[in-house]
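Open the model in your viewer and keep the selection tool ready.

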Amino acid sequence: MLWLNDQAGVAPMPPRPQAADIESARTRLQRCQGLLARLFPDLSACGGVIASPLLPLAKLQQAQGGDAAREGAWLLKADHALPVAGSIKARGGFHEVLALAEELALRHGLLDAAGDRAALAEPAARACFSQYTVMVGSTGNLGMSIGLIAAALGFRAVVHMSVEAKAWKKDRLRRHGVQVIEHAGDYAQAVAAGRAAAAADPATHFVDDEQSLALFLGYAAAARELAEQLRAAGRAVDAERPLFVYLPCGVGGAPGGIAFGLKALYGEHVHCFFAEPAASPCMLVQLATGAAAPVSVYDIGLDNRTEADGLAVGLASPLASPLMARLLSGVFTVEDAQLFTGLLQLFETEGIALEPSAAAGLPGPDWICRSAAGRAYLDLHGLAGRLGSATHVIWSTGGSLVPEAEHERFRAEGRRLRDRQAQ
């Protein structure tokens, strides 16, 4: 289904964060580029810049019956190819741990405010950081991001992971010296366990995926990157040339941060939609009920069981959801079968390999351009006659680090489902 948010632009705007906070996050990531290049060989060639390409999807658009002259251009923001962590979580996760490292180094006299952040890779800084633990609860990709950057800086890194997390992600973390603690329950239980463990130890910093402002702002900094890429590609964004962005949503921090950043840049000319599994639409449930108190997918009889492990979340972020009540245009849901057939079609047309959760945004342009609910949205906002000059950005969130055997399994499932649908 496609749910449209009738509170967009109407719901009250929380006092924090503000647009100025995004620039602070961008500045931190910029001043830490030399440090990141030193910590990770994968970042040396690009000077420590955390960025992903913006790729045309003309072949996919054509395969789906799309017409650029009538529906605008389709593009992929390829965060699945972000270096080191291989997912969108590198943005927020790296930003939060870098902020912690700066804070501790300043406190212990290892750095001055204007100093070169490459000093944070020196033995004295590593000895300091080794006295502290960085902990997180995750279904996989956030744990990968936090674990890798924390361990590289010399922190003791601990990741509490839920049953949905893939074995290869746990194995990769352990190979990099990260302690992985597994939980039989879902994402919320892994987060709760990590939060409780961190509360008992004053030397532990807990990265709270549900409530962290530092994570949120790290994601929001991606908006400026996209804006520069659109400008370079000659894709203006204004009243005559709207921008539609489709973001896979788990707890809501990453897509929420990006949506917040884009709305700060483009205002009413950008239209952000979240993509959620039909079994785990936590942001849709929270916003559609209009409740101030948390509402879980379990409360309405859903089971939160999906192959999109990064999106298997029952309860939306209490930080992101009030902001999205104001800023988000809507949410569409996807069945697991769509994830597999979608990633297969993307691979066959464009040669791009995604994990299932990262494929959630692929149906976005179809919902907006061809469904009754999408046409109602376009009519309401006076956009029906402007689709030909529109830009559709599908945000891919993970997949480049997935073992090839897993990718082959995903595609085999996609072929099986496609053949069954054709019968």
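Select residues 336-350, helix α15. At 1.5 Å a residue, its 15 residues should span 21 Å, and the end C-alpha atoms are 21 Å apart, so expectation and model agree. The expected span is 1.5 Å times one less than the number of residues in the helix. Helices here are DSSP runs of H or I with at least four residues, strands are runs of E with at least two, and both are numbered from the N terminus.

This is a predicted model: local features need pLDDT of at least 70, side-chain atom pairs count only at pLDDT 80 or more, and totals for chains, interfaces and linings use all residues. Residues are numbered from 1 along each chain as its sequence is written, and side-chain values use heavy atoms, with hydrogens and water left out.

Stay on α15 and show side chains. Its buried residues are L339, F340, T341, G342, L343, L344, L346 and T349. Buried means under 20% relative accessible area, exposed means over 50%, and partly exposed lies in between (1.4 Å probe, protein chains only). Now step past the end of the helix. G351 follows α15, and its phi is positive, near 70°.

Zoom out to the whole protein. Color by secondary structure to see 18 helices and eleven strands. Along its principal axes, the C-alpha trace spans about 60 × 45 × 40 Å. A compact globule of 423 residues would have a radius of gyration near 22 Å; the protein has 21 Å, which agrees. That radius is taken over C-alpha atoms, and the globule rule is 2.2 Å times the number of residues to the power 0.38.

Color by burial next. Of the 423 residues, 58% count as buried. Among contacts between residues at least 6 apart in sequence, 74% join residues at least 24 apart.

Go to helix α5 (89-107). Its 19 residues should span 27 Å at 1.5 Å a residue, and its end C-alpha atoms are 27 Å apart, which agrees. The helix is mostly covered, with 16 of its 19 residues buried. G109 follows α5, with a positive phi near 70°.

Now look at backbone geometry. Most residues other than glycine have a negative phi, and most peptide bonds are trans.

- Select V84, in the loop between β3 (73-78) and α5. Its phi is positive, near 75°. V84 is buried, with a relative accessible area of 9%.
- Select N304, in the loop between α13 (282-289) and α14 (320-327). Its phi is also positive, near 60°. At 1% relative accessibility, N304 counts as buried.
- Select R16 and P17. The peptide bond between them is cis, with omega near 0°. P17 sits in the loop between β1 (2-4) and α1 (19-31).

Last stop: A376, in helix α17 (372-380). Is A376 buried or partly exposed? At 41% relative accessibility, A376 counts as partly exposed. Draw a distance from A376 to L4: they are 372 residues apart in sequence and 9.3 Å apart in space, C-alpha to C-alpha.

Notes:
Contact = heavy atoms within 4.5 Å.
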